[in-house]
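This report describes one protein structure for a reader who is new to the subject. Please keep the sequence and the model in view while reading.

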Amino acid sequence: WRGQEGAPYSTLMPSDEVTINYRHGLPVITLLLPTRSERCQFTVKPVVTTVGAFLQDVQREDKGIERAEVFATDGTKVSDATLMEVLLMNDFKLVINNTAYSVSPPVKDKLSSEHATEMEDIKSLVHRLFVALHLEDHQIRKERELLQKLDYLKGELLPLEQMKARIMDSADAKTSRLLWVGLALMSTQGGALAWLTWWVYSWDIMEPVTYFITYGSAMAFYAYFVLTKQDYIYPQAKDRQFLHYFYRKSKKQRFNVERYNKLKDDLAEAEESLRRLRQPLHLRLPVQEISDKD
């Protein structure tokens, strides 16, 4: 038999010289070491082990091996970067020094149900062990990340909160002044109507005037509804005027309302994540460590 480069090999050994069996879901390759003349087993992890790594393990086990290669059945050399999982899907030839071994891996679909069950049990056990050993460490790291994020968000919000407080004070003062001005105007109007009714004119003359004043007020309230799509309710009107002053002042002082709201949302989300994380964390960590962290 000749390899890819046409070099003849002195011996072509039968397939039973190199055997492959599955134990606990992992392939175990058994072969005869030429120098030591003893059979040796190599357990490989097919999804992570490459052909090159497997051949290096074989050469480390027997220092007398000068050449170890793998060829496909058509004589094509298999790359060292090929995963063992791919190699074990088909028959291949293992060449050690000048001896070629014909290898026929068992079909994976024909593995016994016992092996499959053992593999699932091992996966489940590994998963449980991982959770038991690393879950608390993961939670602690996640908690530290959230605390760092909270510190960053609070630092970003501090100057915005101070600016917002000044703007809100200014808007609230202007809104209060507007309410007092409205009260003063209404009081002046009532006093003027009373003076005109009892001291200047009679009620017969002032009655149409008061009627049109009342009708004009009704038109003004209706116009407010048309423009704002809201009834003229004093608390809502006050809040609307407050927001008007607030946004006008914010624009003048370059207060970014959208960025402020985004930071507030991120802060609330981080605090909620931290609260949910600490609930199972307190059930697992020692009391002393919890006290130190708080």
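Arg275 and Glu272 form a salt bridge, with their closest N and O atoms 2.7 Å apart. A salt bridge is defined here as a side-chain nitrogen of Lys or Arg within 4 Å of a carboxyl oxygen of Asp or Glu. Both residues belong to helix α6 and stand three residues apart, about one turn of the helix. Arg275 is partly exposed, with a relative accessible area of 47%, and Glu272 is also partly exposed, at 35%. In these terms, buried means under 20% relative accessible area, exposed means over 50%, and partly exposed lies in between (1.4 Å probe, protein chains only).

## Basis of the description

This is a predicted model, in which local features need pLDDT of at least 70 and side-chain atom pairs count only at pLDDT 80 or more, while totals for chains, interfaces and linings use all residues. Residues are numbered from 1 along each chain as its sequence is written, and side-chain values use heavy atoms, with hydrogens and water left out.

## Overall architecture

The protein chain contains seven helices and seven strands. Helices (H or I, at least four residues) and strands (E, at least two) are DSSP runs, numbered from the N terminus. Along the sequence, their order is β-β-β-β-α-β-α-β-β-α-α-α-α-α.

Of the 294 residues in the protein chain, 27% are buried. The chain exposes about 20,300 Å², of which carbon and sulfur atoms supply 56%; accessible areas come from the Shrake-Rupley method with a 1.4 Å probe, and for residues only the protein chains shown count as cover. Among contacts (heavy atoms within 4.5 Å) with a separation of 6 or more, 59% are accounted for by residues 24 or more positions apart.

## Other salt bridges

The whole structure holds seven salt bridges. Side chains of opposite charge can pair when their charged atoms come close. One of the bridges joins Asp57 and Arg60, at 2.2 Å from N to O. These two residues are three residues apart in helix α1, so about one helical turn separates them. Asp57 is partly exposed, with a relative accessible area of 32%.

Another salt bridge links Glu156 with Arg259, whose closest N and O atoms are 2.5 Å apart. Because Glu156 lies in helix α3 and Arg259 in helix α6, this pair ties together parts that are 103 residues apart in sequence. Glu156 is partly exposed at 23% relative accessibility, and Arg259 is partly exposed at 35%.

## Aromatic pairs

Rings of Phe, Tyr and Trp (its six-membered ring) pair if their centres lie within 6.5 Å; planes under 30 degrees apart count as stacked, over 60 as edge-to-face and the rest as tilted. By this rule there are eight aromatic pairs. Among them, Phe42 and Phe54 are edge-to-face, 6.0 Å centre to centre with 85° between the planes. Phe42 is in strand β4 (residues 38–43) and Phe54 in helix α1 (residues 51–61), so the pair ties together parts 12 residues apart in sequence. Phe42 is buried at 8% relative accessibility, and Phe54 is buried at 4%.

The rings of Phe246 and Tyr247 have centres 5.7 Å apart and planes at 90°, so this pair is also edge-to-face. Phe246 is buried, at 8% relative accessibility, whereas Tyr247 is partly exposed, at 46%.

## Annotated helical spans

The unreviewed UniProt entry annotates residues 178–197 and 209–227 as "transmembrane region". UniProt positions are given in the numbering used here, feature names are shortened, and annotations may be inferred rather than shown by experiment. In the model, residues 178–197 are 100% helix and 0% strand, with end C-alpha atoms 28 Å apart. Residues 209–227 are likewise 100% helix and 0% strand, and their end C-alpha atoms lie 27 Å apart.

## Loop residues with positive phi

Most residues other than glycine have a negative phi. Asn97 sits in the loop between β6 (92–96) and β7 (99–103) and is partly exposed, at 21% relative accessible area.

Arg254 also has a positive phi, of about 60°. Arg254 lies in the loop between α5 (234–253) and α6 (257–284) and is exposed, with a relative accessible area of 76%.
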